[in-house]
Amino acid sequence: MTVLVLGGAGYIGSHAVDRLVQKGYDVAVVDNLVTGHRAAVNKQARFYEGDVRDQKFLNDVFDKEDIEGVIHFAAFSVVPESMEKPLKYFDNNTAGMVSLLEVMNKHNVKRIVFSSTAATYGEPKQIPIKETDPQIPTNPYGESKLMMEKIMHWSDQAYGIKFVALRYFNVAGAKEDGSIGEDHHPETHLVPIILQVAAGERKELSIFGDDYPTKDGTNVRDYVHVVDLADAHILALEYLKAGHDSNAFNLGSSTGFSNKEMLEAARKVTGKEIPAKMAPRRAGDPSTLIAASDKAREVLNWQPQFDNVEDIIRTAWNWKQTHPQGYNDRETK
Ligand code: NAD
Ligand code: UDP
């Protein structure tokens, strides 16, 4: 039996594929390479280039493969872009989910593990955020993901397709050996941008806002290592295979770091000065996002290996230093 990973050429998906292969799973990947990289996909996984919304293509893949469950990473995920182009997000993310579930149902595949996000909660009423807290997104990206969760809920009711929604907080880091890592164009996430400055590719870091009601005025976020995150997907798949009901889990460390603290940690890890300046707030940024993630630890038996941000940054820096141009495949896309 095969695990089908949609979006397996992307940052998080490629680490999940790698972990699945390491743990002995048979893996197939679907990706249209819109933001992903062919070179990021573990060579032991079969690769199908195509779009989740292309049902003919997807039906062919499901005909060829004997699929026991899918892990669905394929989506757009840049918050500011979603504010300007909401329909792009509802089309790729939300309509993509409808397409996928239709094909799954047709082929009697009844398990899906899904990349959800802290952005589905919007501005939290309480910290840490629990899975049962209200989900009121403040941007179209978060809304598109919440709609995907709801579509899975009703598909479970109607067709018995069981799902686990994993609501990630801030994902960072890279595989320890530096062979795969984060390579987005343009890059918008804090850790890789800080490391671009450390590597001399950017002049300085702009810290978006220092007047938030936090310890030092900058936003506070909860960071989780990408390999720990990948492992949670495998546990979620096994949870569904064991016959458990659909569920949702936060994935975070339950510890918050401010943007200034992240900068200081990166200075320590890299030994570089990393020039930074204060800049205006970025639209749509909640002040503080910290996960209550005891549910994933208790129910899935998730045991993250990386428990401090310096270790997370160190692995991202290792990837950056060994791959200064990332996968270096921009011209071919
Ligand atoms: P990514 O852009 O690196 O990966 C997404 C992958 O999906 C890419 O390889 C892309 O080519 C592919 N893809 C996109 N649309 C597709 C389509 N229609 N058909 C086929 N393939 C398609 O993003 P990532 O950072 O790895 O994030 C993966 C998932 O995790 C996303 O769903 C994102 O919403 C979610 N997420 C990410 C973060 C984070 O911090 N990176 C946080 C919360 C949630
Ligand atoms: N951030 C920043 N400068 C940058 C990129 C990000 O100050 O160049 C801040 C951003 O405003 C947020 C935090 O870093 O407070 C994390 O942002 P990121 O985009 O990495 O993740 P998000 O929390 O938006 O999912």
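UniProt, in an unreviewed entry, lists residues 3-252 as "domain: NAD-dependent epimerase/dehydratase"; such annotations may be inferred rather than shown by experiment. In this predicted model, local features need pLDDT of at least 70 and side-chain atom pairs count only at pLDDT 80 or more, while totals for chains, interfaces and linings use all residues. Residues are numbered from 1 along each chain as its sequence is written, and side-chain values use heavy atoms, without hydrogens and water. The span 3-252 is 38% helix and 20% strand, where helices (H or I, at least four residues) and strands (E, at least two) are DSSP runs numbered from the N terminus.

Buried means under 20% relative accessible area, exposed over 50% and partly exposed in between, with a 1.4 Å probe and protein chains only.

Five aromatic pairs are found in the whole structure. Rings of Phe, Tyr and Trp (its six-membered ring) pair if their centres lie within 6.5 Å; planes under 30 degrees apart count as stacked, over 60 as edge-to-face and the rest as tilted. Tyr89 and Tyr141 are edge-to-face, because their planes stand at 80°, with centres 6.4 Å apart. Tyr89 is buried at 0% relative accessibility, and Tyr141 at 9%.

Key. Chains are lettered from A and ligands numbered from 1 in the order in which they are written.
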